Amino acid sequence: MKEFRPAIIRMHERGVEKREIGRLLGIHEATVRKAVKPFEETETTAKRRPLDYSVWSILEEKACAKPHQIVESLKRALRKAWNEISVDTLRGIVDNFSKRLKKCIDANGGHFE
């Protein structure tokens, strides 16, 4: 499994299903599950992770287009907005992250465009 682990993790991060990863690599799905288990988020860890500003701006635009009287209404709107973000949009955000990170480093953490 050691030799497959980097490939398994990359495919898992790209959203390839465990069964498909096993099929592509010719290994058992249980092996894939064991390799990705440390990388899978629980609901608790996902709540602590900050959102990329690109994702947040999409959520804010969709979910906050109208005022909400109660928190539950805002939560529902955020969940709906999240589910409407396409995989292609998220893929573009992820692909662009390293470029933005480099700009941030070059700007010593200051403002950059």
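**Ground rules.** I am looking at a predicted model, where local features need pLDDT of at least 70, side-chain atom pairs count only at pLDDT 80 or more, and totals for chains, interfaces and linings use all residues. Residues are numbered from 1 along each chain as its sequence is written, and side-chain values use heavy atoms, with hydrogens and water left out.

**Whole chain.** I started with the element list: seven helices and zero strands. Read from the N terminus, the order is α-α-α-α-α-α-α.

Next I checked burial. The protein has 113 residues, and 19% of them count as buried. For that word I use under 20% relative accessible area, with exposed meaning over 50% and partly exposed in between (1.4 Å probe, protein chains only). The accessible surface is about 9,200 Å², and carbon and sulfur atoms hold 55% of it. Those areas come from the Shrake-Rupley method with a 1.4 Å probe; for residues, only the protein chains shown count as cover.

I also looked at contact range. Among contacts with a separation of 6 or more, 40% are between residues 24 or more positions apart. Contact means heavy atoms within 4.5 Å.

Which residues of α1 are buried? In this helix, residues 5-13, I noted A7, I8, I9, M11 and H12. The buried residues of α1 pack against α2 and α3. After α1 comes G15, and I wrote down its positive phi, near 95 degrees.

Then I took α2 (residues 18-25) against α3 (residues 29-36). Their axes lie 8 Å apart and the packing angle is about 115 degrees. Axes are lines fitted to C-alpha atoms, for helices over the stretch in contact, and angles run from 0 to 180 degrees between N-to-C directions. On the α2 side I listed K18, R19, I21 and G22, which meet E29, V32, R33 and V36 of α3. Sorted by class, this contact has three nonpolar, one polar and four charged residues. The classes are Ala, Val, Leu, Ile, Met, Phe, Trp, Tyr, Cys and Pro as nonpolar, Asp, Glu, Lys and Arg as charged, and the others, Gly among them, as polar.

**E40.** This residue sits in the loop between α3 and α4 (43-48). E40 is partly exposed at 34% relative accessible area. Leaving out residues up to four places away, E40 touches H12 and K18.

**α5 with α6.** The axes of α5 (residues 53-63) and α6 (residues 71-84) come within 9 Å and cross at roughly 125 degrees. The two helices are therefore oblique to each other. Oblique is what remains after roughly parallel (under 35 degrees), roughly antiparallel (over 145) and roughly perpendicular (65 to 115). The crossing is right-handed here too. From α5, V55, W56, L59, K62 and A63 meet L74, A77, L78, A81, W82 and E84 of α6. That contact has nine nonpolar residues, no polar ones and two charged.

I zoomed in on L78 in α6. With a relative accessible area of 22%, L78 is partly exposed. Beyond four places in sequence, L78 touches W56, L59 and A63.

**α5 with α7.** For α7 (residues 87-106), the angle to α5 is about 140 degrees, with the axes 9 Å apart. That makes α5 oblique to α7. Y53, S54, V55 and I58 of α5 make this contact with T89, L90, I93 and R100 of α7. By class I have five nonpolar, two polar and one charged.

Last one for today: is S54 buried or exposed? S54 counts as buried, at 16% relative accessibility. Setting aside neighbours within four places, S54 is in contact with I93 and R100.

Note on methods. Helices (H or I, at least four residues) and strands (E, at least two) are DSSP runs, numbered from the N terminus. A crossing is left-handed if the near helix is turned anticlockwise from the far one by less than a right angle, and right-handed if clockwise.
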